[in-house]
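Morning, everyone. Please have a look at the model first.

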Amino acid sequence: MSRQSNRLHQGGLIDRTREISFTFDGRALTAHPGDTLSSALLANGIHLTGRSFKYHRPRGIYTAGAEEPNALVTLGNGGRTAPNTPATMVEVYEGLEAHSQNRWPSLKFDLLAVNSLLKPFFPAGFYYKTFMWPRSFWYRLYEPMIRRAAGLGTLANESDPDHYEKAHAQCDVLIVGAGPAGLMAAREAAHSGTSVLLADDHSFPGGHLTGEAIEIDGQPCAPWAAGISDELKDMENVRLIQRTTVYGRYDGMTFGAVERVGDHLVPDSATPRQRSWTIHAKQLINATGAIERPLVFTGNDRPGVMLAGAARVYVNRFGVLPGRNVVVFTNNDDAYRTARDLSQAGATVTLVDSRAEEKVSARGILPEHVEVHFGQCISKVKGRSHVHRAMLAPSGTELDCDLVCVSGGWTPSLHLLSHVGHRPIWDEARTCFLMKEPGNDARAAGGAAATFDLNEVLSEGAKAGRAAAKSCGHGSPGNSKLPKAENLPAYALEPLWRVPGSVSRADAAFVDLQNDVTVADLELAQREGFGHAEHAKRYTTLGMATDQGKLANMNALGILAELQGCPIAETGTTTFRPLTAPVAFGAIAGQTRGKAFRPVRHSAMHHWHEIHNAVFTHAGLWMRPYYYPRKGEDFAAAVKREVLSVRSSVGMVDVSTLGKIELKGPDAGVFLDRLYINSFSRMRVNRARYGVMLREDGMVFDDGTVSRLGPDHYFITVTTANASAVMQHMEFCHQVHWPQLDVQFCTVSEAWAAMAVAGPNSRDVLARTVKGLKLDNDTFPFMAVGEGTIAGAPARIFRISFSGELAYEVYTPAGFGAGVWEAIMEAGKPDGITSYGTEAMTVMRTEKGHVAGPELDGRTTAADLGLGQMMSTRKDFIGRWMTDRSGLAGKDRLQLVGLKPVRVDETFHMGAHLVNDQGVTGVDVSQGHITTSVYSPTCGHFIGLALLRSGRARSGEQLYAVSPLHDESVTVEVVNPVFTDPNGEKMRG
Amino acid sequence: MRIPCPWCGDRPLSEFTYGGDASKKRPKHPEKASAEAWLDYVYLRDNPAGKHTEYWHHSGGCRAWLKVTRDTRSHEISKAVLARPQSDGARS
Ligand SMILES: [Zn+2]
């Protein structure tokens, strides 16, 4: 175990009494509870954490927050692998395993760093220019090469063993960020009685106060913040969630957030790793603070260069001194506190300030011995894997150092205020973009509003809390006393977008650290006419990495404005869109993965099908028996046996998946008359009828049977696929078109198990099991409906046939389904009853010429399908009136026909087109297409249904069925679509 | 986005199914309606930038069809009533 050589002897919000062990690239290291991975690495003297995206330059820890561009690591291994995780946001736990990224074979020696030498060949726009020709090279050579060289972490190819969950929250006021502004806002809003949700992305509240040496009300600021949050935690109307990133704002004040519930714990199966929140709020207070800007000079990406505010956090919050010989480079007063805090922690500090001495008011807070270079800039730092010297300009002074802290000012975090379309506006005085018109339901406070004086931040937070509560209808809580912070130097920023004159083309001054975009790249973009912010972004890829340019964008806009000689306000800003930070797919999916994402529906007889060797097929979410192979049978043999059994004796198929809707009420019949093309209001009780529904545009929507169970009581079945769509359509028609009709209906699909018993012996089989219902043809003819019992279970029996045989559909409450099915199978044994699957059902309906899904494709009318004579002319129904359009009545419509091969041993495919001449292909010569093709055991050859131009008049004609996909051209003959028992004698007998 | 269902209160978008332009009415006397009237009802739709009245089905809730007024630019919902005429639908 290595010693924590950079850990200070005192200070910080860490638990020094406990030591925890973790590994980085396999090296065993120690940390204390309260450490982040970055603070623990720095405590162990490790700055170098990865290689850069494009040039594989060594990179180190640059920040202390979510905006970290460099120190992206891969956590865990196997299915738990989490790539591209900012080390600054990882809380160290016992046994944590972290790896550096984008290096091969090792972090210190990286072969692909030759990209660094090839840099002149990787300029901005190289994606668009360099590799354009020849085209095939792009796919085979350039892209794979670039993919290997560029990029960050690698995803695991295993399933994630952790679990994630989703949660909803509602509140009056959502406050994002528990820094000084957010805490004050929460306290004020909460005291008014309004409900408050305070979401903060760190492990404990306080925001930047957790890393500052400032006093509020006479006590150090971190415990002060803890005191406020304790007060909030005791209030019933406040919910405070830590480790939670609000990543997006969506329409209607809906927010997305991710809470890292278990990321800081040793993985276990009980704790979700993350929780995905959907938050509904009435008011938003954006107290997300500000992000410090880098300064741009040659070598500004070297490990050991760090934001000044971050260095302060490492000293004050973690008790870690990230360097002993420090140069602080700034254009504002804020970084003076970094110089002070590092100096007080024992470092030797030199301060370099780009401003003239008279503009600086903070000199007084520094110890006397801290040397300050006014009116100077760092033009370059040296040190390949760690900075060791800083060169100043214009003086030419060289300073030895092991840490360079930079501050280019602060950029307010406006993301959540911008997501629903509000545009930030440039504020010249405060040198940043601000959201001046955030709308009536959102406001910013503190750093996010470019308020940097701590006392102003506290009062602005309180004011925002009161205003938000008032907007939610909660009055003023009275004036609670404002806390008083110590006075700090003014901010006094003087813009410095890049160090002047320091940038030579040969060496690199980085603007976007994460995506390796340099000043030279921006200059090139400008020269080539891509200088507008939105163009430059795409041309150089600036701001397009996982940090979305949080650090880079402002400097880039400043540099572009300088290059164009125009104000920043005219360069424009890019648009912020959700998500503000990367979110794991697992968190977005939550529990809805696998079967919870796509549930499987089983009928009541599923278990029977399983033990009887059914091969299943998916029908929507349903699992349906496809066929039941017996020993030695393949698909074709099994289907053939099943069909022939039904046609010669008896078989049974599970049809529970049909949609079922029950209707009651005096107007139920009239309602159905208006939904279907045919009529039901005058159908006799205990009768069923086939029915067809159209869409209002005249196309067939669905088909099924309608049964009348009583004078005011109907029961309909609809296709499996359209079960929910038909219900929705019926509700629309009832509620919108015909609310005066006295009818009620509801879906009962799941309540009933259903099976069809078909074949010449089906009546004999049922007669042996059904009690209380006579089944002889006179009492119970074709299309009769009745009730009886089977094996003691109530059953509705419908004499309906889809197969064309003598057949019955038996419905029983789902709980009885398995018992009734088994009773019928038992009763059918003497007749050799066979269970059959959906394929045999398809074969038989095709032999009978019944249309199904492939023919009801949304482009066919009832007339096209040969069902035109069913259409009533004596009533209004959905779709009737558009059917009269001449285009739908024309003789050249595609009409349903049957097909058979001229040579009986030939086969054809569904989807094949029908053409007049052999060898001719193309859409323009197509006469139609095959919708269904099956082998018919009854006919002894292939048969098909097709939609053929003017088809009904072409019976006997020979055509070619052409399927180039199958390299197939078969001579077929147009025939009547009813291949078996065309007069329906079997089903009526 | 949330839709204030008159029966169920503010509910998330995921519970609803869109049903299209609600300013179109099925001709009251279908047998007398002209081909143009049917064309207008079935096919012709405006695409306004601003307030739009549209049907939404509370398919994952009370199953009521609603008439919702939504601003197509901001998705702000200013009104949501039952599509079924109030005299029938608002009884409890
Ligand atoms: Zn509802």
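One definition before we start. A salt bridge here is a side-chain nitrogen of Lys or Arg within 4 Å of a carboxyl oxygen of Asp or Glu. Keep in mind that this model is predicted.

Now try the rule on a pair. A:D230 and A:K233 have their closest N and O atoms 3.9 Å apart. The cut-off is within 4 Å, so a pair at that distance counts. Where do A:D230 and A:K233 lie? Both are in helix 6 of chain A, residues 221-233. They are 3 residues apart, about one turn of the helix. How accessible are they? A:D230 is partly exposed, at 43% relative accessibility. A:K233 is exposed, at 51%. The cut-off for exposed is over 50%, so A:K233 makes it.

A:D172 and A:K282 form a salt bridge, with N to O at 3.0 Å. A:D172 sits in strand 8, residues 164-176, and A:K282 in strand 15, residues 274-286, both of chain A. These two residues are 110 residues apart. Is A:D172 buried or exposed? It is buried, because its relative accessibility is 11% and the limit is under 20%.

Two further cases in chain A. A:E826 and A:K829 meet in a salt bridge at 3.4 Å, N to O. A:K829 is exposed, with a relative accessible area of 57%. Then there is a network: salt bridges link A:R57, A:R59, A:D301 and A:D516.

How many salt bridges does the structure hold over all chains? The total is 51.

Now to the interface of chain A and chain B. Here the rule finds 3 salt bridges. B:R26 and A:E696 meet in a salt bridge, at 2.5 Å from N to O. There are also 16 residue pairs in polar contact between the two chains. On chain A, helix 19 (723-737) and helix 23 (880-883) each supply at least two residues of the side that touches chain B. Helix 19 gives the most, with 8 residues. That side of chain A divides into 9 nonpolar, 7 polar and 6 charged residues.

Last, the area. The contact takes 22 residues from chain A and 23 from chain B. Together the chains bury about 2100 Å², 55% of it on carbon and sulfur atoms. A:Q728, A:Q735 and A:W881 supply 27% of the area that chain A buries against chain B, more than any other three residues.

Key
Residues are numbered from 1 along each chain as its sequence is written. Chains are lettered from A and ligands numbered from 1 in the order in which they are written. This is a predicted model: local features need pLDDT of at least 70, side-chain atom pairs count only at pLDDT 80 or more; totals for chains, interfaces and linings use all residues. Side-chain values use heavy atoms; hydrogens and water are left out. Helices (H or I, at least four residues) and strands (E, at least two) are DSSP runs, numbered from the N terminus. Buried means under 20% relative accessible area, exposed over 50%, partly exposed in between (1.4 Å probe, protein chains only). Contact means heavy atoms within 4.5 Å. Buried area is the accessible area (1.4 Å probe) that two parts lose on being put together, summed over both. A polar contact is a pair of N or O atoms within 3.5 Å; within protein, one must be able to donate a hydrogen and the other to accept it, and residues adjacent in sequence count only if both atoms are side-chain atoms. Ala, Val, Leu, Ile, Met, Phe, Trp, Tyr, Cys and Pro count as nonpolar, Asp, Glu, Lys and Arg as charged, and the others, Gly among them, as polar.
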